[in-house]
Amino acid sequence: MPAGDREDAVLEVVRTHVAHALGHASADEVEAGRAFNELGFDSLTAVELRTRLGTATGLRLPTSLVFDYPNPAALAAHLLGELAPAAPGHVPADVDLDPQDAELRRTLATIPMSRIREAGLLDTLLQLADPQAATPGTSRAEDDAESIDDMDVQHLIDMALDLDGLDGTES
């Protein structure tokens, strides 16, 4: 689905569930930019909306969801970011990747950020992606930085899971 259509679709899902939680007949009664408290949300309807959206999206959402995002449009943008952090398989045209790199990028792009966070991988992946995070003078970090281009998908996943001795010991 094109990016603009995804945004509209997620916003419509949010507005529909907001309408149901508040007892409205349709999503047309829910203004996307209107604050949740102005729409009539209280703690009970906030929990109901969180449950409905969690079921609809498959995401594990916090109880404070309605209080974390000011209105349905902001909540929809957040959910879209969790559901589709990047267009799956999108690789800039000017980047010449071998098929294995392209496959890894496509695979990683399909994993929702919430799943990466729940698995405890977000910090590790961000550290791996940050070239400034490598400490000069540590041979393991230098070896990893130099050889990461030669790693296969499984090795990168093992590295992200810290199963391959990132603590300085070999497994």
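Which helices are among what covers the buried residues of H1? I opened my notebook with that one, and I found that helix H2 (36-39), helix H3 (43-57) and helix H5 (72-83) are included in the cover.

**Ground rules.** I am working with a predicted model, where local features need pLDDT of at least 70 and side-chain atom pairs count only at pLDDT 80 or more, while totals for chains, interfaces and linings use all residues. Residues are numbered from 1 along each chain as its sequence is written, and side-chain values use heavy atoms, with hydrogens and water left out.

**Overall fold.** I counted 10 helices and zero strands in the chain; these are DSSP runs numbered from the N terminus (helices are H or I, at least four residues; strands are E, at least two). Of the 171 residues, 26% are buried, meaning under 20% relative accessible area, with over 50% called exposed and anything in between partly exposed (1.4 Å probe, protein chains only). I then looked at contacts, that is, heavy atoms within 4.5 Å. Among those between residues at least 6 apart in sequence, 51% join residues at least 24 apart.

**Helix H1.** I checked the length of H1 (residues 3-22): its 20 residues should span 28 Å, and the end C-alpha atoms are 29 Å apart, which agrees. The expected span is 1.5 Å times one less than the number of residues. The buried residues of H1 are Val10, Val14, Arg15, His17, Val18, Ala19 and Ala21.

**Threonine 45.** I found this residue in helix H3. Threonine 45 counts as buried because its relative accessibility is 13%. Leaving aside neighbours within four places in sequence, threonine 45 touches Ala21, Leu22 and Gly40.

**The aromatic pair.** I found one aromatic pair in the structure. The ring centres of phenylalanine 36 and phenylalanine 41 are 5.2 Å apart and the planes are at 85 degrees, so I noted the pair as edge-to-face. Rings of Phe, Tyr and Trp (its six-membered ring) pair if their centres lie within 6.5 Å; planes under 30 degrees apart are stacked, over 60 edge-to-face, the rest tilted. Both phenylalanine 36 and phenylalanine 41 are buried.

**Confidence.** I looked up pLDDT, the predictor's confidence in each residue, from 0 to 100. The chain averages 76, and 67% of the residues score at least 70. Confidence is highest in H2, at 94, and lowest in helix H9 (residues 139-147), at a mean of 47. Residues 87-95 have pLDDT below 50, and this stretch has eight contacts beyond near neighbours in sequence. Where pLDDT is low, the predicted coordinates should not be read in detail.
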